[in-house]
Amino acid sequence: MTAGTAQAGDPHRERRPETAQLASSSIDVDVWRGVADGRFVRYRVPREASQTVLDVVTWIQRNLDPTLAYRYACRVGMCGSCAMTVNGVARWTCRTHVDRVAAGARLELRPLSNLPVIRDLVCDMRGFFDKWAAARGRLVPTATRNDPMARVLPASRERRAADAAIECIGCGVCHASCDIVAWRPDYLGPAALNRAWTLVNDVRDGGNRARLAAVAGDAGCHACHSQASCTERCPKHLAPTASIAGLKRAVSRALLKGEL
Amino acid sequence: MIRQGPLQRFRSHGDRPAGWWAFIVHRISGVALALFLPVHFWALGRALEGEAALEGFLRWTGNPAVKVAEWGLVVLLAAHLTGGLRVLALEFLPWRNWQKSLAAVAAGVSLLVAVFFLLAVR
């Protein structure tokens, strides 16, 4: 089947232009070079059919400037390492097609917002993952390897709540899109709180009292204003806003029960 | 972090979700109402200075500019009330993926109140 025709009944299949049908043969790409006080450098990159933003960055590094720093690993939307700001919006670049985001054959690539820049398109992710630790995003086991396997029914309320939030790949798109993180950098942020929510619903976990105390603080779940930019931008279509709302309820309930 | 001014940041941020606009309306209406409150108490305080003072003030409020401002006040109140109900529903009812509809409902109810008040006052 040729590209450019949508297959009936498959909502995930999108119309992709053939090379001959591309609006232009090249694209101008402004790439952030340097650290926080760096500048944009323009590169001209040939257009290809089904070209991703990550393809563009890789082409620049392989053909125009080998010193360009950026991160990627899997290229298929699993590892969460290639997120950048593409024309002002944080995106996973390996699954973002150029023809969907390049307005007028132009691309502007910056590192993710709300994180320190190491160089070019690479951010220091330590602060981001430190927040996962601060939100007690680690399973606290209640059984040992000698105990029988825990049985968690797929249809149970807790399992379904955890399922809805579990597919996070840690790309940092939500954290970069969140205005609250921009306003108060110590805010734990959507990804860390989303992780905490999956563990609050994990029936094998025994760390909820400490976890709810950790997320109940000033910079925790109650700092969220439900603007839902995280939910809008999450490439995995998760809803961190829903997870944070769940944490707010769980914290309130624990407070009423005198557990906090 | 790359430094950007607020306007630059706003422009370079892509389309904002409905929840963001709901937040902005809620915050601006809240601040405006907080600023109005002292004026409201000052107006009531006129009564302490006698019937004539209050009466004179109330007559002044009859002028068209104040009527328009009064309408604006009702719009702010409606927007802040419905925005607050939206937040309560979002945070205390089980999540049903209708947060965007909630923002629309809040805006719709505010608009209804605004139109009703406009027709009722005249």
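Is the crossing of α7(A) and α10(A) left-handed or right-handed? In this predicted model, the crossing of these two helices of chain A is left-handed. The pair consists of helix α7, spanning residues 189-200, and helix α10, spanning residues 240-256, which pack with their axes 8 Å apart and at an angle of about 60°. Because angles of 65 to 115 degrees count as roughly perpendicular and those under 35 degrees as roughly parallel, α7(A) is accordingly described as oblique to α10(A). On the α7(A) side, the residues that meet α10(A) are Pro190(A), Ala191(A), Leu193(A), Asn194(A), Ala196(A), Trp197(A) and Val200(A); on the α10(A) side, the partners are Pro240(A), Ser243(A), Ile244(A), Gly246(A), Leu247(A) and Ala250(A). By class, the contact of α7(A) with α10(A) comprises ten nonpolar and three polar residues, with no charged residue.

Chain A contains ten helices and seven strands, and its C-alpha atoms fill a box of roughly 65 × 50 × 35 Å along the principal axes. Of the 260 residues in chain A, 41% are buried. Among the contacts in chain A with a separation of 6 or more, 64% are accounted for by residues 24 or more positions apart.

To the contact between them, domain 1 of chain A gives 15 residues and domain 2 of chain A gives 14 residues. On the domain 1 side, at least two residues are supplied by each of β3 (83-86) and β4 (89-92) of chain A, and β4(A) provides the largest share, with four residues. This side of domain 1 of chain A, where domain 2 of chain A is touched, is made up of eight nonpolar, five polar and two charged residues.

A further contact is formed between the chains, with 21 residues taken from chain A and 16 residues from chain B. On the side of chain B that touches chain A, two or more residues are given by each of α2 (18-45) and α4 (64-92) of chain B. The largest share of that side, four residues, comes from α4(B). In terms of residue class, the side of chain B that touches chain A has nine nonpolar, five polar and two charged residues.

Definitions and conventions. Residues numbered from 1 in each chain as written. Chains lettered and ligands numbered in written order. Predicted model: local features only at pLDDT ≥ 70, side-chain atom pairs only at ≥ 80, totals over all residues. Contact = placed C-beta atoms within 7 Å. Nonpolar A, V, L, I, M, F, W, Y, C, P; charged D, E, K, R; others polar. Axes fitted to C-alpha atoms, helices over the stretch in contact; angles between N-to-C directions. Parallel < 35°, antiparallel > 145°, perpendicular 65-115°, else oblique. Left-handed = near helix turned anticlockwise from the far one by under 90°. Buried ≥ 20, exposed ≤ 12 C-beta atoms within 10 Å, placed from the backbone.
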